[in-house]
Amino acid sequence: MKLRLALAQWTIGSPANFGAFAARISTAVAEAVQGGAQMVVFPEYLALELAATLAPAVRADFVATLAALQSVHEDWLALFARLAREHRVHLAAGTFLLAQTNGRYRNRAYFFTPDGKHVFQDKLTLTGFEKQAGVIEPGDALKVFDTPYGRIAINICYDAEFPLYARAQQQAGARLLLVPSCTDTDAGATRVRVGCMARGLENRFYVAQSVTAGEAPDNPALDTNTGSATLYAPSDRGLPANGIVAVAESGATWLIADVDFAALDTTLQSAQVAVPVDWDAQSRPDVVRARVEKLG
């Protein structure tokens, strides 16, 4: 079975209002579907593009921005539900920082099905920036989702740098990991890229990364954006030797690429390594802790 993905390399814009944002998103999804996409993946912090609709004094204050954006949450859900239904696609709607009853926010990735229903995965480990904001909390549940293409999972950006999340999702049956990301330095982009490649190798599954792109100097939360939309696979016989199935061209909005689950299954029979199978070897009692040996 093959699954055609559209991974966003989303240039941050400056919409005048929610309607303008929705129109741009709608046009982009239609283009992805025209390219054959069956699953569309937007990047982390997509909702923060809407900071451009706020007064300068509000968008200059990150906490005030989060509070102000709560008023469009229902419109956000309605927009992506409609697009999923209209185009009969699965749609990962980037992330929305959603207010909780305790006054804090969670960085939430919504995943819509072709009937317009949705599930979500919250970010589980906060970056330094998110901790410093003082109002964001991590999620408390790790999930996988059933689809006609098999089980998929989501790691939001920084979460992809931690192996045990993806490992637990792989053990729960995930065959594809979606990584909506947002980085503002080349170093940050490298960390997420290396994390994605490592998670693909360790778990012998595909990893699909979407990114924010471009410069948005009037949007403090998204002023600089780095990285490339990329589809990764384990580097082994019958699969790309460099672990990269496809990477978006500079300036492109979409990376359209196919996930070939049958090829992944076929190559398992001739694989050079079997990291998922051998995973527990690193937990043997005699090696679970490093032994200190003194020299001389």
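By the rule used here, there are two cavities of 30 Å³ or more. Bear in mind that this is a predicted model.

Take the largest cavity. It holds about 40 Å³ of space. Its lining runs through Leu201 and Arg204, then Pro234, Ser235 and Asp236, and then Val273, Ala274, Val275 and Pro276. By class, that lining has six nonpolar, one polar and two charged residues.

Now the second largest cavity. The space there is about 30 Å³. Ala47, Leu48, Leu66, Leu69, Gln70, Phe96 and Leu97 line it. Which elements each supply at least two of the lining residues? Helix α3, residues 62–69, and strand β3, residues 90–99. Six of the lining residues are nonpolar, one is polar and none is charged.

On to the pockets. The largest pocket has about 370 Å³ of space. It is lined by 22 residues. Nearest its centre lie Thr127, Phe129, Cys182, Thr183 and Asp184. Three elements, α5 (128–133), α7 (186–203) and β10 (224–225), each supply at least two lining residues. The largest share, three residues, comes from α7. The classes here are nine nonpolar, six polar and seven charged.

The second largest pocket comes to about 200 Å³. Among its lining residues are Gln170, Gly173, Ala174, Arg175, Asn203 and Phe205. Arg204 and Pro276 line this pocket, and Arg204 and Pro276 also line the largest cavity. At least two lining residues come from each of β8 (174–180), α8 (261–268) and α9 (275–278). Which of them gives the most? That is α8, with three residues. The lining splits into six nonpolar, three polar and three charged residues.

Last, the helix pair. Helix α1, residues 18–34, packs with helix α4, residues 73–87. The angle is about 25 degrees, and the axes are 11 Å apart. Angles under 35 degrees count as roughly parallel, so α1 is roughly parallel to α4. The crossing of α1 past α4 is right-handed. Who makes the contact? On α1, it is Phe18, Phe21, Ala22, Ile25, Ser26, Val29, Ala30 and Val33. On α4, it is Asp75, Trp76, Leu79, Phe80, Arg82, Leu83 and His87. Taken together, the contact residues are eleven nonpolar, two polar and two charged.

That's the tour. Over to you for questions.

Note on methods
Residues are numbered from 1 along each chain as its sequence is written. This is a predicted model: local features need pLDDT of at least 70, side-chain atom pairs count only at pLDDT 80 or more; totals for chains, interfaces and linings use all residues. Side-chain values use heavy atoms; hydrogens and water are left out. On a 1 Å grid over the protein atoms alone, a cavity is a set of points where a 1.4 Å probe fits but cannot get out, and a pocket is an open set with protein on both sides within 12 Å along at least five of seven lines; lining residues have an atom within 4 Å of a point. Grid points are joined across faces, edges and corners, and a volume is the space filled by probe spheres set on the points. Ala, Val, Leu, Ile, Met, Phe, Trp, Tyr, Cys and Pro count as nonpolar, Asp, Glu, Lys and Arg as charged, and the others, Gly among them, as polar. Helices (H or I, at least four residues) and strands (E, at least two) are DSSP runs, numbered from the N terminus. Axes are lines fitted to C-alpha atoms, for helices over the stretch in contact, and angles run from 0 to 180 degrees between N-to-C directions. Angles under 35 degrees count as roughly parallel, over 145 as roughly antiparallel, 65 to 115 as roughly perpendicular and the rest as oblique. A crossing is left-handed if the near helix is turned anticlockwise from the far one by less than a right angle, and right-handed if clockwise. Contact means heavy atoms within 4.5 Å.
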